[in-house]
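Biologist: I would like to learn how to read a few features of a model. Please take them one at a time.

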Amino acid sequence: MPDYPHHQSVHLNNFTVFSDATLEFVPGVNAFVGENGTGKTHVLKALYAAQLTHARELRSISETLSSLFQTDYLSQLVRMGIEDAVSRLHGFYGGHDWQWSTKGGTTSGEMILSGEMPLEKEEYIERPVFIPAIDMMGHTKGFLQAANEVRLDFDSTCIDLVTLLGLERKNGNKQQEVIDGLSVLLGGELEMEENSGRFHLVTPAGRLPMPLVAEGLRKIATLVRLAQNGWLTPGTTLFWDEPEVNLNPKLMDEVVGAILVLARAGIQVFIATHSYVILKELDLQAGKADNVRYFGFHKSEEGTTVNHTDDFALLEPNPILEQYDRLYDMELTRSTGRNKRGERVR
């Protein structure tokens with residue numbers, strides 16, 4: 001497999017819920033696990049901001065972070081309760097380092113260090129793709145026009161995604177294996193009305209407007225469309241926040257299979273999930289040659305801490321597995337009068 005540029009690590013210092021945390025990534029699939037409020041999505045957005053800024057070169061990383069986090073001023077990204085602290089991000093991508101920081105205690109959000117990722121002339125950074133937890137495939141009609149005219153209360157991941165859904169990338173690689181595998185689940189083909197931007201699912205039974213399609217299938221349709229439009233090309237990064245939302249567990253094996261296909265094609269993947277099925281499918285489907293790493297996010301008084309492992313069974317903390325274990329213990333107790341340790345329970 002060719003060695004494509006990828007996110008290698010990021011260090012977060014006094015950034016949102018993090019006091020001091022360092023995450024080291026694999027070029028394949030990186031899965032974030034943790035309770036709500038532990039900062040999983042925040043890390044996705046920080047990495048997306050760094051790569052997007054340098055891929056597009058249209059705005060600074062500060063502007064990108066502000067639009068992603070919907071902050072009124074950048075100092076809101078400083079960890080709460082830490083007076084006059086400096087919030088810092090420092091990452092490595094493709095062998096190059098980038099960094100950003102801002103100081104708390106002010107509404108100006110003055111940036112101390114601009115994002116830096118020095119590149120050689122022949123190097124090129126692929127535009128990353130971010131699929132937010134909120135479904136956008138069913139809400140594309142007039143969305144971009146509205147976003148250009150008024151300030152919608154949607155962060156820029158939603159606007160970016162709708163933009164990519166409607167555009168075909170020049171010289172982009174279509175991921176045909178993903179398209180073929182997931183189109184079977186959709187039971188039809190996707191069509192977009194050029195004037196309105198609305199998508200339809202065309203099946204043997206008829207042409208169905210996307211808002212009438214089940215939300216879980218709309219998630220699958222989103223991935224299919226991005227694969228068709230050439231945005232999931234080798235060397236880029238896919239960030240997917242909670243792929244399990246509204247998705248029946250029966251379909252998760254196909255979705256995880258598609259994620260692994262993309263990773264094998266040279267696309268670095270980051271997912272944040274609360275689904276045991278997603279994680280276990282990833283654990284079981286990944287082969288020895290696949291790069292998969294699991295990150296456990298844990299909330300503490302000192303800020304979120306992060307552990308990682310390449311073996312799902314060794315992931316700690318794992319609140320999802322802990323909850324399943326608790327339910328199993330309750331069921332066992334109800335059926336036998338004893339818990340999993342063999343102790344009699346009244």
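**Salt bridges, sheet and backbone**

Modeller: The count here comes to 10 salt bridges, a salt bridge being a side-chain nitrogen of Lys or Arg within 4 Å of a carboxyl oxygen of Asp or Glu. This is a predicted model, in which local features need pLDDT of at least 70, side-chain atom pairs count only at pLDDT 80 or more, and totals for chains, interfaces and linings use all residues. Residues are numbered from 1 along each chain as its sequence is written, and side-chain values use heavy atoms, with hydrogens and water left out.

Biologist: Are Asp-135 and Arg-218 buried or exposed?

Modeller: Buried means under 20% relative accessible area, exposed over 50%, and partly exposed in between (1.4 Å probe, protein chains only). Both Asp-135 and Arg-218 are buried. In another salt bridge, Arg-264 meets Asp-290 at 2.8 Å, N to O. Arg-264 counts as partly exposed at 41% relative accessibility, whereas Asp-290 is buried at 17%.

Biologist: What is the strand order of the open sheet of six strands?

Modeller: Strands of a sheet pair through backbone hydrogen bonds, either parallel or antiparallel. Two strands count as paired if DSSP finds at least two bridges between them. The order is β7-β11-β12-β3-β13-β14, with mixed pairing. At the edges are β7 (129-131) and β14 (305-309), each pairing on one side only. Strands β3 (residues 29-34) and β13 (residues 292-298) run parallel and are joined by six bridges; Ala-31 stands opposite Tyr-294 in β13.

Biologist: Where is Asn-14 found, and what is its phi?

Modeller: Most residues other than glycine have a negative phi. Asn-14 is found in strand β1 (residues 7-15) and has a positive phi of about 55° although it is not a glycine. Its relative accessible area is 14%, so Asn-14 is buried. Gln-70 also has a positive phi of about 55°; Gln-70 sits in the loop between α2 (61-69) and β4 (86-93) and is partly exposed at 36% relative accessibility.

How values were computed: Helix = DSSP H or I, 4+ residues; strand = E, 2+ residues; numbered from the N terminus.
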